[in-house]
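Subject: Handover of a structure and notes on its contents

Dear colleague,

Please find below the structure that I am passing on to you.

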Amino acid sequence: MNISPRIIAIATIGVGAITFGTLMSEARSANIRPLNVETMRAMIQSDASAPPVETVLVSASTGSTGQAPVIEASEIELALPSDAPAAPALPQPQRLAQAAEATTTMTDQPLSPFGLPCGLSISTTASEGAMVALDIMDPCQPHSRVVIEHSGLNLTGRTDVMGLLTMDVPVFENPAFFTVRMPDGASDSSLAIVPDLDSYYRVGLQWNENRSLELHAMEFGATYGDPGHIWLDNAGSIDRAVSGEGGFVMQVGDTEVENPMLAQIYSFPRDTLDGAGNVRMSIEAPVTEANCGQDTLARTLELEEDGRVSVIELTFTLPDCDAVGDYLVLQNLLHDLRVASN
């Protein structure tokens, strides 16, 4: 049976269409998407180094074969659409510039010979006996005179080689407010909560220059030399006061600085274990070759029952130098303390 070439051609086209449709259906079910321009470009570049592929042509009419011309991948040019978007410009990183700026700022800050940054700092910490521990630091001001102000007290101190000064001060107010002044004009302040201040009587004597003034407390009828005679040579202790046994006296301030300002402060527990009665207070000054005939500026401070601080300014002249070895006794400048037993 002879079949017409036209029928064969139509059948061939039909089978090809069916096969193409089947392939497209399988591609959709496999979620295969067409390649975009960037993917095509990457594939072409990755194959650029591959050896050329020879293509054999078969003649449809004669069935003879021949070798197709070889085309190098590098000769292929990819034509992109004219409206393809350009790649966005990315911002340049600024981290290096910022780091350089920060390094410059730190380098410009003044440092002490020990590499510590200059500047005044203060910390205050309350402790037993209604005391406050002061820590004063300025690394760039070693061996410097420091003025400390608190509730009518003016005290002097000196920083060490590192610019550090520590001082324990019996306080007169709660919260306890301190101001520190340095010789270059810098100043700073700090507060401390002192919860046990109400548990103590407190009396202070502060003076300028090295006048060797003394604060004496005679507890419960004690006389000179008795255990109850509290002064700098028999100072008592904080533990003695905390236990309710009796009082203590402290001297604060540095005598080695220029124009020293010093103080002696006496503290006594309001509730005692050993008895009741009065504590007699007095101020004395030994006449020495260093202070004889000198004018003296001083002040007294007394912590009242209501928490206020009574400050009285004193001005007097010490006896002449022919009285060296004698004592000047200043009476009735301080109130006696009336103490109730627990």
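This is a predicted model: local features need pLDDT of at least 70, side-chain atom pairs count only at pLDDT 80 or more; totals for chains, interfaces and linings use all residues.

Residues are numbered from 1 along each chain as its sequence is written, and side-chain values use heavy atoms, with hydrogens and water left out.

The protein has four helices and 20 strands (DSSP runs numbered from the N terminus, H or I of at least four residues for helices and E of at least two for strands). Of its 342 residues, 32% are buried, that is, under 20% relative accessible area with a 1.4 Å probe and protein chains only. Among contacts (heavy atoms within 4.5 Å) between residues at least 6 apart in sequence, 61% join residues at least 24 apart.

Strands S17 (residues 295–303) and S18 (residues 309–317) pair in the antiparallel sense over nine bridges; pairing requires that DSSP finds at least two bridges. Thr300 is placed opposite Ile312 of S18. Five residues separate the two strands in this hairpin, where Gly307 has a positive phi near 95°.

The largest pocket holds about 220 Å³ of space. A pocket here is an open set of points on a 1 Å grid over the protein atoms alone, where a 1.4 Å probe fits, with protein on both sides within 12 Å along at least five of seven lines; lining residues have an atom within 4 Å of a point. S10 (200–208), S17 and S20 (337–341) each supply at least two lining residues, and S10 gives the largest share, three residues. Among the lining residues are Tyr201, Arg270, Glu302, His335 and Arg338. By class, the lining has seven charged residues, four nonpolar and one polar.

Strand S10 also contains Gln206. Gln206 is buried, with a relative accessible area of 2%. Its side chain reaches the backbone nitrogen of Asn154 at 3.3 Å, and a polar contact (N or O atoms within 3.5 Å, one able to donate a hydrogen and the other to accept it) of 3.3 Å joins the side chains of Gln206 and Asn208. Beyond its neighbours within four places in sequence, Gln206 is in contact with residues including Gly152, Met261, Leu297 and Leu301.

With kind regards

Key. Grid points are joined across faces, edges and corners, and a volume is the space filled by probe spheres set on the points. Ala, Val, Leu, Ile, Met, Phe, Trp, Tyr, Cys and Pro count as nonpolar, Asp, Glu, Lys and Arg as charged, and the others, Gly among them, as polar. Buried means under 20% relative accessible area, exposed over 50%, partly exposed in between (1.4 Å probe, protein chains only).
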